[in-house]
Amino acid sequence: MANVIVIGAQWGDEGKGKITDLLSRSADVVVRPQGGVNAGHTLVVQGQTFKLHLIPSGILYPDTECIIGSGTVIDPSVLLREIEQLKALNISVDNLFISQIAHVTMPYHRLMDKASEERRGKHKIGTTGRGIGPTYADKSERTGIRVIDLMNADDLREKLTWTITYKNVILEKLYNVPPLDPEEVIAEYLDYAEQLRPHVIDSSLKIYEATQKKKNILFEGAQGTLLDLDHGTYPYVTSSNPVAGGACVGSGIGPTVIDRVIGVAKAYTTRVGEGPFPTELHEEIGAILCDRGAEFGTTTGRQRRCGWFDAVIGRYAVRINGLDCLAVTKLDVLDTLSEIKVCVAYELDGKICHHLPNSANQFARCKPIYRTLPGWQQDTGDCRNLEDLPRQAKDYLKFLAELMEVPIAIISLGASRDQTIIVEDPIHGPKRALLDENGTPREILSYELLDS
């Protein structure tokens with residue numbers, strides 16, 4: 001039995017969808033612990049593309065139970081649209097379950113999100129405008145609407161009548177936005193409630209029962225470590241906790257249930273929205289990475305900013321999440337480059353910095369210190385075994401693993417399921433190595449494979 005968390009080790013968009021889809025084959029249960037429709041996974045299966053925002057990737061496996069956990073925020077209109085799209089493709093959603101206590105995104109959340117971002121002007125943080133931040137804010141203020149509230153018409157009417165009246169004052173007076181009609185919103189969400197009712201459960205109890213039956217559970221993270229509300233590059237972050245610890249809170253389980261944490265990182269780095277990005281490339285190479293990597297957001301379609309691999313944020317992700325191993329994605333995007341750079345440290349105000357600064361102002365002043373490696377200039381898209389890779393590609397992976405001090409378990413070389421190399425069993429492989437008495441990792445790589 002193994003319970004595994006998959007999280008993003010960068011700023012999100014690392015290719016977690018493909019990795020979770022791959023690992024879902026051996027999972028009995030897949031849980032989405034946090035985030036909302038501001039996240040998205042793109043899956044390519046037998047040439048068919050699936051774009052999911054709320055429903056866990058395991059839904060493509062008919063015998064896998066998929067749970068949207070209590071730490072998520074749910075926009076019912078988007079969720080129901082996803083359900084209908086899957087049904088149209090003859091994919092069953094009978095095994096989809098929704099937490100009773102997940103919070104619900106309302107129309108006023110979307111309106112306030114967009115209006116607030118416009119008001120910020122040059123200080124905007126790059127939100128998706130989908131109402132995620134305001135939904136989590138109401139959750140913290142204890143004025144939120146939860147899925148369980150939708151299930152009782154009288155409770156919903158009482159809560160929404162007061163809440164919408166209150167929100168209308170803010171919309172009109174602060175943002176100059178027309179008010180919402182409480183009756184229209186109530187009717188709309190009561191209709192959503194009836195459509196979702198068959199899927200609504202006590203998700204924490206269901207997950208606990210799965211652990212008691214020794215089932216394999218995969219916790220599917222959204223966004224990435226550097227977008228974490230507490231430990232990310234604040235204030236340019238999301239409104240939830242995409243780190244490994246957040247998966248426990250957002251699922252309603254204790255940390256002792258977790259057996260392994262897998263981080264997903266691109267072979268380079270991307271970022272969407274505002275905020276400092278030390279390794280960002282503005283010239284031709286950045287455009288090449290964007291074009292070859294199809295770097296456009298699943299949720300918003302926004303073009304992602306591209307840059308070299310940043311080992312400083314990588315090591316930070318290892319530390320914050322306690323990563324046991326890495327899945328490196330989009331290695332094939334680098335195939336055409338004659339040389340490849342890796343940021344090994346920062347220069348900050350004339351000093352060498354090996355750790356991520358907590359200050360946004362300091363982070364904005366960080367200049368990358370690069371190590372340059374030779375490219376391989378060969379097509380790797382058809383490689384299916386480690387020995388098929390060019391020597392320079394294997395050297396590049398080995399260098400990343402040494403810098404990050406965790407083994408690389410999976411290498412992705414394209415969007416399709418079969419474009420994958422398994423270096424070691426990511427679920428049942430060895431735990432992350434401890435340091436010896438000299439502070440040196442005892443074993444950080446599957447050297448017998450990477451040295452081949």
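**Entry 1: helix α13**

I began with burial in α13, where A393, K394, Y396, L397, F399, L400, A401, L403 and M404 are buried. I note that the model is a predicted one. An α-helix has 3.6 residues a turn, so residues three or four places apart point the same way. I then compared the length of α13, residues 391-404, with expectation. At 1.5 Å a residue, its 14 residues should span 20 Å, and the end C-alpha atoms lie 20 Å apart, which agrees. I also looked just past the helix, where E405 takes a positive phi of about 60 degrees.

**Entry 2: helices α6 and α7**

Next I turned to a helix pair. Two packed helices are described by the angle between their axes and the distance between the axes. For α6 (residues 153-173) and α7 (residues 182-196), I recorded axes that come within 10 Å and cross at roughly 145 degrees. The crossing of α6 past α7 is right-handed. Which residues meet in this pair? From α6 I listed A153, L156, R157, L160, T161 and I164. Their counterparts in α7 are P182, E183, V185, I186, Y189 and L190. Sorted by class, the contact between α6 and α7 holds nine nonpolar residues, one polar and two charged.

**Entry 3: salt bridges**

I then went through the salt bridges, which number 18. I looked up E14 and K16, which form one of them, with their closest N and O atoms 2.8 Å apart. Is E14 buried or exposed? E14 counts as buried because its relative accessibility is 0%, and the cut-off for burial is under 20%. K16, with a relative accessible area of 4%, is therefore buried by that cut-off too.

**Entry 4: the pairs at E295**

I followed E295 next. K266 forms a salt bridge with E295, and the closest N and O atoms are 2.8 Å apart. This pair links distant parts of the chain, 29 residues apart. K266 sits in strand β10 (residues 260-266), while E295 lies in the loop between α10 (284-292) and β12 (305-307). I noted K266 and E295 as buried. R304 also forms a salt bridge with E295, where the closest N and O atoms are 2.7 Å apart. R304 and E295 are both buried. Finally, I traced the shared partners: salt bridges join D13, K266, E295, R304 and K330 into one network.

Definitions and conventions: Residues numbered from 1 in each chain as written. Predicted model: local features only at pLDDT ≥ 70, side-chain atom pairs only at ≥ 80, totals over all residues. Heavy atoms only, no water. Helix = DSSP H or I, 4+ residues; strand = E, 2+ residues; numbered from the N terminus. Expected span 1.5 Å × (residues − 1). Buried < 20%, exposed > 50% of the residue type's maximum accessible area, 1.4 Å probe, protein only. Axes fitted to C-alpha atoms, helices over the stretch in contact; angles between N-to-C directions. Left-handed = near helix turned anticlockwise from the far one by under 90°. Contact = heavy atoms within 4.5 Å. Nonpolar A, V, L, I, M, F, W, Y, C, P; charged D, E, K, R; others polar. Salt bridge = Lys/Arg side-chain N within 4 Å of Asp/Glu carboxyl O.
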